[in-house]
Amino acid sequence: MMGAASNPLVLLAVLAPFVGAAIIPLFNKQPILRESVTLLTAVALCALVLLLVGDVLAGARPEFDVITTAVGLAVAFKVEPLGALFAFVASSLWIVNSIYSFGYMRANNEPRQKSFYVCFAIALGSTIGIAFAKNLFTFYLFYEVLTISTYPLVTHKKDTESLAAGRVYFLLLIGASLVLFLPAIVATWIIAGTIDFTPGGVLADKASAGVIGVLLALYIFGIAKAAVIPVHFWLPAAMVAPTPVSALLHAVAVVKAGVFGIVKVCVMIFGVETLSAMGQSSWLTAVAGATVVIASLVALKQDNLKRRLAYSTVSQLSYIVLGVAILAPISIVGAAMHLAAHALSKITLFFAAGSIYTAAHLTEISQLDGIGRRMPWTMGAFAVGALGMIGLPPTAGFLGKWFILSGAMQTANWVAVAVIVVSTLLNAGYFLPIVYRAFFCEPAADLGAEGRGEAPWPIVFGLTATAIGTLAMFFYPEVFYALATSIVMG
Amino acid sequence: MTVVWTNLPALQVVIPLIGALLTGFMRRGATAFAVALVVSWMMPVIAGAMLWQVLTAGPISYHLGGWAPPWGIEYRVDLLNAFVLVLVSTIGAVIIPAARRSVAFELEEWREAWFYCMYLLCLTGLLGIAVTGDAFNAFVFLEISSLSTYVLIALGADRRALLSSFQYLIMGTIGATFYVIGVGLLYLLTGTLNMADIASRLGPIATQNFPAMVTALAFLTVGISLKLALFPLHVWLPNAYAYAPSWATVFLAASATKVAIYLLIRYYFSVFGVAINIDALPMSEIMIALSLAAMFIASFVAVFQTNVKRMLAYSSVAQIGYITLGIGLANQAGLTGGLVHIVNHAIMKATLFLAIGAVFYRAYTVQLKELAGIGRRMPVTMAAFTIAGFGLVGTPGTAGFISKWYLAVGALDKGWWVLVFLIVASSAIALVYIGRVLEVAWLREPSPAIAQLRDPPLSMLVPLVVLAAATIYFGIDTEWTVGIASKAATALIGGLR
């Protein structure tokens, strides 16, 4: 079909987590071995992804066609910069998250750890499949596998609350993809004759503005994992899951798969030029902007820490959508940067929430007075993550916001500028009080009696590592920036 | 060897008929099962050989007893029937090993041999309908398959099986009567019973005798639609499937309605479609409207079933709607989608019913509320159920996705955006009823009764795993399913006037 030789590394990277998932159940009675397999898989995956990132930076686009059906629906992978960036973020954080999980799952005596690690590995495998998908069919395939494999993780507790949440999660995500996303793919196939992700898009001059608008809406709301309001409410529901799931999957893998999909569809199916020529960006800006602001306002009112983080995620995800909607090259670079930056900061925040739950069994923000004195590492990392969310230097969050804001200014998109400014204030408004409470309020009397000290070391290790990552990305953004710019350079 | 090679169409019907006779004389279930097993395993070989002949040398015309058509009975096998024959015979061959344990568990000992006898008769009838090119001969086989089906259903352990069987007997007889009236009218008009001959003679006559021809078409449509359980003629199906012996349900769900659908396609595209401009009649509109009603109403009813077998039966009615939708669309992609869904639905529904049959074999219940936590105790069984369930929903990577894809493409080719949404929206209802079972099976704590169960014996497990694997395989590699269905659709549409 094409000149580029197929690179088996690509297939290997996608398969690695699935192989891990197949091996884990063999160690039913040996948790140590089971955890080693998880960790080894994560390290192997990250190494493979790094090799591919090196290739991509060198200008190559490694690809691998698995199978093409009679009509041209193909399962095929192609690593392009945005996918490489996403895969790199997901796979490297999986290593940290695995170590964190070992501490968390043991300390909380969670049941059914075997199926937990199996589902986790499958979810990561699907994430890599999504990141490397060469066409919409492959993307959709792994998108659904990701939903299905994370469903048991969301309902891990198996109580009435988690079953109800699981229902919302499952029906909304699969329902939206089935009812909106799938017709969009079929329509793209009919109109463009291809569903391959192509630099510059495949829909140029093929459809009227109205059709493009409808299609774009189908994609934006059909890819419900991006949690654009009103298809966002699966995300707060998913917070019933154990914290490592919320941390890696519902702050990184699953939600980023959503925004990644939206970015990729906008850039490589519609094409930036087509979208701006058709004048479709204004309503998308409005929807994304509204999501950013409304979700922030809702977050302000949450007392449950994980729920506040979840609404913050909803809001932050739409920054990325906003970055695309602005349709300036620099803002798309910003969107890609923010995809990585938000991942690092948000996983840190979730790690901290899980750490507090493990060590002190606290879940509500109003209970956190003085917790920073008891758990300085945890709350220190939390503070770093919070700065990242607000977008203050020296954290990674600054970079993404900076580029998106520059793009908004360049295109004189004052709505977007206003949204970014207002939401920055709101972010500060719902994160800084937590930090203040933790360090400067007197602890409640009964807190000391229950026990002292930090969570187990794997947990502390995890959140420290990601907090350092949040800072490091600010100082060394080269790899991310190089990948992000080559998205718009083509 | 050439004797066998040239007589394959007759052998396809004669061998199961002889098998049925043999088992009729048997007393022991084990020996009858052995005969059924051998016959069932021979069938796909014959059907496959015929498919090969058709693919390499074109349609087969076989003159039964050497009498030339249109006076003698002609067995005519083209791509479409070869496709259906391979499907029905292969499903039979794959699931037959599971029959022994399941039937022995559910039936009294002295009835086991009769069960296999009736199964082989039913197989004879179904393969006969698919192989024959003669309108009246098709009626004979239709009756053979129907009568044996009534018995199969009535053999169910639940006493409600008798009532269901009787209900089906009444409805089925009405259907058969309508069919034979339709054939009679065609005979009056054309003076022939050979389908190809009817098609060639009907054209000129149709203009003068338009009302008679339309009446014939209407009678045939209603008669066959009763057999294939097209909404709203489906009322016999849920009870029949729910209370028949588990294994009989598997077989019937995967084959009986599919063969009736084949017959409908045959009349629409190869008889009436060739003779007249069928687009002038509102057949397509009626088909699409009824299909949509089936897809939504039956799916919706399925959501509220407490008996899993009954739920799957309603789901069958809905899924048949997708197939008839493809027939109604009658364009290349749409008809391909309908045809390929015949295969895909057969595979997925066989998996689901077989899995639930295995559950009944172990747990002795198919009430949803009593199956809490069964997935943890029968993991392989319920994993197969889960895979096929996602197939029904149309998840990518499963066979069901391929069908929906083609149907959606077919609808868009006509510019019917709304229909695309209706197709996917009705699939979303499947998500709900399948999701209910999955949640109960996997996420509830096992009750004490469930806690001591384990996966069924290998004879059930292997067919289950094979079918579940096929659900995934045909979702990825569609060369055989879509490849042949698309060629058959091209031939059918190409023949239209």
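Of the 497 residues of chain B, 63% count as buried, a residue being buried if 20 or more other C-beta atoms lie within 10 Å of its own, exposed if 12 or fewer and partly exposed in between, with C-beta atoms placed from the backbone. This is a predicted model, in which local features need pLDDT of at least 70 and side-chain atom pairs count only at pLDDT 80 or more, while totals for chains, interfaces and linings use all residues. Residues are numbered from 1 along each chain as its sequence is written, and chains are lettered from A and ligands numbered from 1 in the order in which they are written.

Chain B holds 21 helices and two strands; helices (H or I, at least four residues) and strands (E, at least two) are DSSP runs, numbered from the N terminus. The radius of gyration of chain B is 21 Å, close to the 23 Å from the globule rule for 497 residues, so chain B is as compact as a globular protein of that length. That radius is taken over C-alpha atoms, and the rule is 2.2 Å times the number of residues to the power 0.38. Along the principal axes, the C-alpha atoms of chain B fill a box of roughly 70 × 55 × 40 Å. Among contacts in chain B between residues at least 6 apart in sequence, 79% join residues at least 24 apart, where a contact means that the C-beta atoms, placed from the backbone, lie within 7 Å.

Two loops of chain B have backbone features to look at. In the loop between strand 1 (60–63) and strand 2 (74–77) lies B:Pro70, and the peptide bond from B:Pro69 to B:Pro70 is cis, with omega near 5°. In the loop between helix 9 (210–228) and helix 10 (236–243) lies B:Ala229, which has a positive phi of about 65° although it is not a glycine. B:Ala229 has 28 other C-beta atoms within 10 Å and is therefore buried.

Between the chains, 24 residues of chain A are in contact with 25 residues of chain B. On the chain A side, the elements that give two or more residues are helix 5 (136–154) and helix 6 (160–192). Helix 6 gives the most, with 13 residues. By class, the chain A side divides into 19 nonpolar, three polar and two charged residues; Ala, Val, Leu, Ile, Met, Phe, Trp, Tyr, Cys and Pro count as nonpolar, Asp, Glu, Lys and Arg as charged, and the others, Gly among them, as polar.

Helix 6 of chain A also packs against helix 7 of chain A, at an angle of about 145° and with the axes 8 Å apart. The residues in this contact include A:Leu180 and A:Ala184 of helix 6 and A:Leu215 and A:Tyr219 of helix 7. The contact has 10 nonpolar, three polar and no charged residues.

Buried residues of helix 7 of chain A include A:Ile212, A:Leu215 and A:Tyr219. What covers the buried residues of this helix includes helix 6, helix 9 (243–270), helix 10 (272–277) and helix 11 (281–301) of chain A.

The loop between helix 7 and helix 8 (234–237) of chain A contains A:Pro230, and the peptide bond from A:Ile229 to A:Pro230 is cis, with omega near 10°. A:His361 lies in the loop between helix 13 (329–360) and helix 14 (371–374) of chain A. Phi of A:His361 is near 55°, a positive value in a residue other than glycine. A:His361 counts as exposed because it has 11 C-beta neighbours inside 10 Å.

Terms used: Two residues are in contact if their C-beta atoms, placed from the backbone, lie within 7 Å. Axes are lines fitted to C-alpha atoms, for helices over the stretch in contact, and angles run from 0 to 180 degrees between N-to-C directions.
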